[in-house]
Amino acid sequence: MKIKTKLRLGFGFLFVVVLLFGSISLYYMNQISVSAKVILKDNYETLSYTREMRSILDQNDLPLTLELQKKFTKQLSLESKNVTEKGEGEAVRTLTKSFIELNNPTQQKPALAKIRSQLMIIDKLNMDGIVRKNEVAQKSVEKASLYLITAASFCFLVLFSFIVNFPGFVANPLREFSEAIQEIGRKNYKQRLEFDGTDEFAELARSFNQMVEQLNKWENSNLAKIQSEKLRIEAIIEQMQDAIIGLNEKQEILFMNKVAAQILNLDENKVNGSNVKDLMKKNDLLARIMNNEKNDQPIKIYADQKESYFQLQKREIIVPIFEDQELPVLQTGKTAGTVYILNNITQFKELDEAKTNFIATVSHELKTPISSIKMSLKLMDDERIGLMNTEQKQLVEHIKDDCSRLLKITSELLDLAQVETGNLQLNFVKAAPLEIVNYALNAVRFQAEQKNIQLELISKENLPLVNADVEKTAWVLINFLSNALRYSSEKSKVQIEIQEKKQGIEFSVRDFGKGIDEQYQKRLFDRYFQVPTDGNNKSGSGLGLAISKDFIEAENGKIWVESEIGEGSRFCFFLPVAE
């Protein structure tokens with residue numbers, strides 16, 4: 001039976017109950033009304049007739065006039081038509097006979113007495129009738145009340161039962177559906193609904209069960225697919241040559257491949273699910289890896305029977321969160337864990353060390369013959385040995401310039417080799433900033449005079465001392481000044497400024513040349529990088545600024561550049577004051 005039919009029958013039944021109760025109430029109310037009407041109409045009218053007849057007799061002398069006789073006769077006639085009580089008809093006939101005798105002068109007094117006596121009998125009979133009918137009416141009211149109470153109680157019980165049970169007819173299946181849907185939301189695809197009958201709830205339950213069955217099949221097939229993908233990914237991770245460690249958002253180890261387990265001397269099968277903080281307390285190497293925030297310096301680890309170098313990579317696993325709309329829109333993501341990858345760069349480190357040693361060796365070997373060539377050129381330029389013609393002098397000058405450039409390059413390569421091998425030796429002293437600047441200015445003053453460029457020093461007196469290597473710091477300033485002089489036009493100006501900043505001193509060299517394009521500024525301090533030019537000013541090895549950066553950072557300072565096209569460049573570095 002359909003739910004619509006059940007609802008119609010239920011509400012139809014309620015309608016019948018209400019109609020039945022209303023009909024019973026109307027019937028008994030009508031009975032009470034009829035009883036009350038009989039009392040008022042019959043007995044009350046009889047008492048009214050007798051009262052009128054008594055009034056005619058009491059208020060007038062005998063014999064009665066013709067008009068009074070007519071009034072009396074009229075009331076008597078009405079009474080004779082309104083006989084309702086037992087014995088009342090006999091009294092009316094006696095009253096009629098006595099009224100006729102009243103016209104006989106000899107019978108007036110006995111007839112009057114009989115009339116009064118019969119009127120009293122009629123009054124008494126009607127009064128008793130009123131009392132009796134009142135009792136009957138009262139009993140009818142009580143009976144009707146009893147029936148009404150019974151009917152009302154029956155209707156109340158029926159309605160109460162309907163109110164209690166009928167909502168459950170709709171609510172209980174809906175509650176079961178809600179609980180079943182919640183179970184489906186928890187991925188409990190074994191949930192089933194059982195409804196007997198052929199109504200909509202039973203049809204919906206069958207459809208629900210079919211849906212759950214399909215979801216269960218999909219879940220099983222999808223789970224198998226996910227499991228297969230998981231095994232495949234685990235196999236790939238296991239076969240990788242890099243050490244890989246995966247953590248979840250609770251900092252528990254999700255996976256660790258064989259390479260990582262060997263490096264850390266851990267059992268990969270036992271550590272899965274362990275808290276990494278607990279393992280860090282027992283494994284110093286794991287603590288080093290987890291605490292390596294910068295990830296920029298290689299980690300030295302004894303592996304493969306030798307000292308090996310590993311570059312740490314840290315990757316956050318971000319799970320996307322989509323807004324619940326018709327078209328999913330990526331709103332944000334939440335962290336689901338972290339993956340640590342240790343790339344074995346030992347081979348590259350060894351090659352880099354070999355390159356550095358080769359450069360250092362070659363540079364050292366080249367420096368001695370270049371110096372010897374410069375000495376020979378100086379002797380050739382001595383007029384005591386002999387005079388040279390103009391062409392020879394020009395050739396010698398060109399050779400001098402090339403030798404100076406080669407000597408500078410070899411010096412830079414030697415400095416670079418020292419930095420890369422970690423053999424950079426710094427002689428820290430407490431030095432005055434002006435002393436360092438003057439050292440650099442004296443070194444480039446002749447070069448500035450040749451191009452007629454003004455060197456302007458901007459500085460205050462009594463600046464705090466800095467803790468630095470004077471020669472290395474001055475070398476950085478000389479490199480800045482040489483570049484500024486090279487890229488400045490003749491009769492221009494180069495500013496050297498010393499400023500006291502927060503707990504340090506800022507050195508800067510400013511030129512008013514063409515400036516440097518923003519796309520090249522981030523690479524200026526990279527090794528071997530040179531800003532592309534038209535070819536007129538290109539010189540050097542591209543190592544000067546890179547070595548300057550290494551020198552300044554080794555002194556716990558910072559180095560940077562500020563430049564705009566058409567406004568020149570400003571090279572700066574900052575050193576902390578001496579404590």
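# Helix packing and sheet architecture in a predicted model

Helix H13 passes helix H15 in a left-handed crossing.

## The H13 and H15 pair

H13 and H15 pack at an angle of about 150 degrees, and their axes are 10 Å apart. H13 is therefore roughly antiparallel to H15, as angles over 145 degrees are counted in that class. On the H13 side, the contact is formed by Lys-472, Trp-475, Val-476, Asn-479, Phe-480 and Asn-483. H15 contributes Gly-544, Leu-545, Ile-547, Ser-548, Phe-551 and Ile-552. By class, the residues of this contact comprise 7 nonpolar, 4 polar and 1 charged.

The buried positions are Gly-544, Leu-545, Ala-546, Ile-547, Ser-548, Asp-550, Phe-551 and Ile-552. Just after H15, Asn-556 adopts a positive phi of about 65 degrees.

H13 (residues 470-486) lies across strands E7, E9, E10, E11 and E12, and runs at about 175 degrees to E12. These strands form an open sheet of 5 strands with mixed pairing, in the order E7-E9-E10-E12-E11. Strand E7 (454-458) and strand E11 (558-564) stand at the edges with a single partner strand each, so one side of each has no neighbour in the sheet. Direction ignored, neighbouring strands of this sheet are turned by 15 degrees against each other on average.

Within the sheet, strand E10 (residues 504-511) and strand E12 (residues 568-576) pair in the antiparallel sense over 8 bridges. Strands of a sheet pair through backbone hydrogen bonds, in either a parallel or an antiparallel manner.

H13 also packs with helix H12 (residues 433-450), at an angle of about 35 degrees and with axes 8 Å apart. The crossing of H12 past H13 is right-handed. From H12, the contact involves Ile-436, Val-437, Tyr-439, Ala-440, Leu-441, Ala-443, Val-444, Gln-447 and Ala-448. These residues meet Val-470, Glu-471, Thr-473, Ala-474, Leu-477, Ile-478, Leu-481, Ser-482 and Leu-485 of H13. The contact of H12 with H13 has 14 nonpolar, 3 polar and 1 charged residues.

## The H2 and H3 pair

Another helix pair is formed by H2 (residues 66-80) and H3 (residues 88-101), which pack at about 160 degrees with their axes 10 Å apart. That angle makes H2 roughly antiparallel to H3, and their crossing is left-handed. Gln-69, Phe-72, Thr-73, Leu-76, Glu-79 and Ser-80 of H2 make the contact with Glu-88, Val-92, Leu-95, Thr-96 and Phe-99 of H3. The contact residues divide into 5 nonpolar, 4 polar and 2 charged.

| Helix pair | Packing angle | Axis separation |
|---|---|---|
| H2 and H3 | about 160 degrees | 10 Å |
| H12 and H13 | about 35 degrees | 8 Å |
| H13 and H15 | about 150 degrees | 10 Å |

Strand E1 (residues 243-248) and strand E2 (residues 253-256) run antiparallel and are joined by 3 bridges. Leu-247 stands opposite Ile-253 in E2. The hairpin has 4 residues between its strands. Gln-251, in the loop between E1 and E2, takes a positive phi near 65 degrees although this residue is not a glycine. At 28% relative accessibility, Gln-251 counts as partly exposed.

Lys-491, likewise not a glycine, has a positive phi of about 60 degrees. Its place is in the loop between H13 and E9, and at 68% relative accessibility Lys-491 counts as exposed. Most residues other than glycine have a negative phi.

## The chain as a whole

The secondary structure of the protein chain comprises 15 helices and 12 strands. Of its 579 residues, 35% count as buried. Among contacts with a separation of 6 or more, 63% involve residues 24 or more positions apart.

Methods:
Residues are numbered from 1 along each chain as its sequence is written. This is a predicted model: local features need pLDDT of at least 70, side-chain atom pairs count only at pLDDT 80 or more; totals for chains, interfaces and linings use all residues. Side-chain values use heavy atoms; hydrogens and water are left out. Axes are lines fitted to C-alpha atoms, for helices over the stretch in contact, and angles run from 0 to 180 degrees between N-to-C directions. Helices (H or I, at least four residues) and strands (E, at least two) are DSSP runs, numbered from the N terminus. Angles under 35 degrees count as roughly parallel, over 145 as roughly antiparallel, 65 to 115 as roughly perpendicular and the rest as oblique. A crossing is left-handed if the near helix is turned anticlockwise from the far one by less than a right angle, and right-handed if clockwise. Contact means heavy atoms within 4.5 Å. Ala, Val, Leu, Ile, Met, Phe, Trp, Tyr, Cys and Pro count as nonpolar, Asp, Glu, Lys and Arg as charged, and the others, Gly among them, as polar. Two strands pair if DSSP finds at least two bridges between them. Buried means under 20% relative accessible area, exposed over 50%, partly exposed in between (1.4 Å probe, protein chains only).
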